[in-house]
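Please look over the following model before reading on. The text after it moves from the ligand site to the rest of the fold.

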Amino acid sequence: MTTFSRRMALLLAFTAILGSASAGTLGQPAGAVILSVKGKIAVTNNGDTADFDVAMLEALPRTSFKTSTPWTDADTVFEGVALKDLIAAVGATGGTIVAAALNDYSVPIPASDAQSGAMIAYRLNGKYMEVKDKGPLWVIYPFDDKPELKTETLYSRSVWQLTSLEFVD
Ligand SMILES: Nc1nc2c(c(=O)[nH]1)N[C@H]1C(S)=C(S)[C@@H](COP(=O)(O)O)O[C@H]1N2
Ligand SMILES: [Mo]
């Protein structure tokens, strides 16, 4: 190896180390905290909790799909972070997620629902959702892509005004 290629190899190695370290940190929310994730998670930014403002959620990989729901019409486009990507971002390992809402509603969601395409939506038809419109965060499944998801059980997991997720078990 020439001196030059040895230096390049070192540089690449350092870049890889720095890159993987920053993938494991969340930073701090600058705006209002709209989601607190706790329980069996490896990545936190506030004691044992991972707090997110909307910008932090939008910095995660984005997903979107169009679906009807019992609460919206057929042309509703939801945009947000896939549950599987949120699980990866916080290094969650629990098998069950207790999802809780502003109105004190809470329901257990199997972490395996991430495989069905569930998302934490922060936009509906391109706009942030007001609390009166079931925002700011709404757990939504791709009901129209997968009609087998149209069950009372999954409707009950479609938590609007979501405020926290706790990974348990
Ligand atoms: N924030 C919040 N999300 C919620 C609920 C709730 O009470 N609060 N109820 C759940 C249940 S049990 C079902 S079946 C549906 C109820 O929708 P509906 O009240 O429009 O029938 O929303 C789900 N999401
Ligand atoms: Mo329900």
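A residue is near a molecule or strand if one of its heavy atoms lies within 4 Å of it. By that rule, the residues around ligand 1 are Trp 71, Ala 101, Asn 103, Tyr 105, Glu 152, Tyr 155, Ser 156, Ser 158, Val 159 and Trp 160. This is a predicted model, in which local features need pLDDT of at least 70 and side-chain atom pairs count only at pLDDT 80 or more, while totals for chains, interfaces and linings use all residues. Residues are numbered from 1 along each chain as its sequence is written, chains are lettered from A and ligands numbered from 1 in the order in which they are written, and side-chain values use heavy atoms, with hydrogens and water left out.

The shell around ligand 1 divides into six nonpolar, three polar and one charged residue. In this division Ala, Val, Leu, Ile, Met, Phe, Trp, Tyr, Cys and Pro count as nonpolar, Asp, Glu, Lys and Arg as charged, and the others, Gly among them, as polar. Helix α4 gives the most to this shell, with three residues. Helices (H or I, at least four residues) and strands (E, at least two) are DSSP runs, numbered from the N terminus.

Polar contacts are pairs of N or O atoms within 3.5 Å; within protein, one must be able to donate a hydrogen and the other to accept it, and residues adjacent in sequence count only if both atoms are side-chain atoms. A nitrogen atom of ligand 1 is 3.0 Å from a polar backbone atom of Ser 158, and a nitrogen atom of the ligand lies 2.6 Å from a backbone N or O atom of Trp 160. On the side-chain part, an N or O atom of Trp 71 is 2.7 Å from an oxygen atom of ligand 1. The protein covers 65% of the 530 Å² of accessible area that ligand 1 has on its own. Accessible areas come from the Shrake-Rupley method with a 1.4 Å probe; for residues, only the protein chains shown count as cover.

Ser 158 sits in the loop between α4 (152-156) and β10 (162-168). Is Ser 158 buried or exposed? Ser 158 counts as buried because its relative accessibility is 2%, where buried means under 20% relative accessible area, exposed over 50% and partly exposed in between (1.4 Å probe, protein chains only). Not counting residues up to four places away in sequence, Ser 158 touches Trp 71, Trp 138, Val 139, Tyr 141 and Phe 143; contact means heavy atoms within 4.5 Å.

Rings of Phe, Tyr and Trp (its six-membered ring) pair if their centres lie within 6.5 Å; planes under 30 degrees apart count as stacked, over 60 as edge-to-face and the rest as tilted. The pair of Trp 71 and Trp 138 is tilted, because the ring centres are 5.8 Å apart and the planes stand at 55°. Trp 71 belongs to the loop between β3 (63-66) and β4 (77-82) and Trp 138 to strand β9 (residues 138-140), so this pair ties together parts that are 67 residues apart in sequence. Trp 71 is partly exposed, with a relative accessible area of 30%, whereas Trp 138 is buried at 1%. Trp 71 also forms an edge-to-face pair with Tyr 155, at 5.8 Å centre to centre and 85° between the planes. That pair links the loop between β3 and β4 to helix α4, 84 residues apart. Tyr 155 is partly exposed at 21% relative accessibility. Ring pairs link Trp 71, Phe 78, Trp 138, Tyr 141, Phe 143, Tyr 155 and Trp 160 into a cluster.

Leu 86 has 0% relative accessibility and, beyond its neighbours within four places in sequence, is in contact with residues including Leu 35, Phe 52, Leu 60 and Leu 165. Gly 91, with a positive phi near 60°, follows α3. By contrast, Gln 115, in the loop between β6 (106-110) and β7 (119-124), is exposed at 63% relative accessibility.

The protein chain has four helices and ten strands. Of its 169 residues, 42% count as buried.
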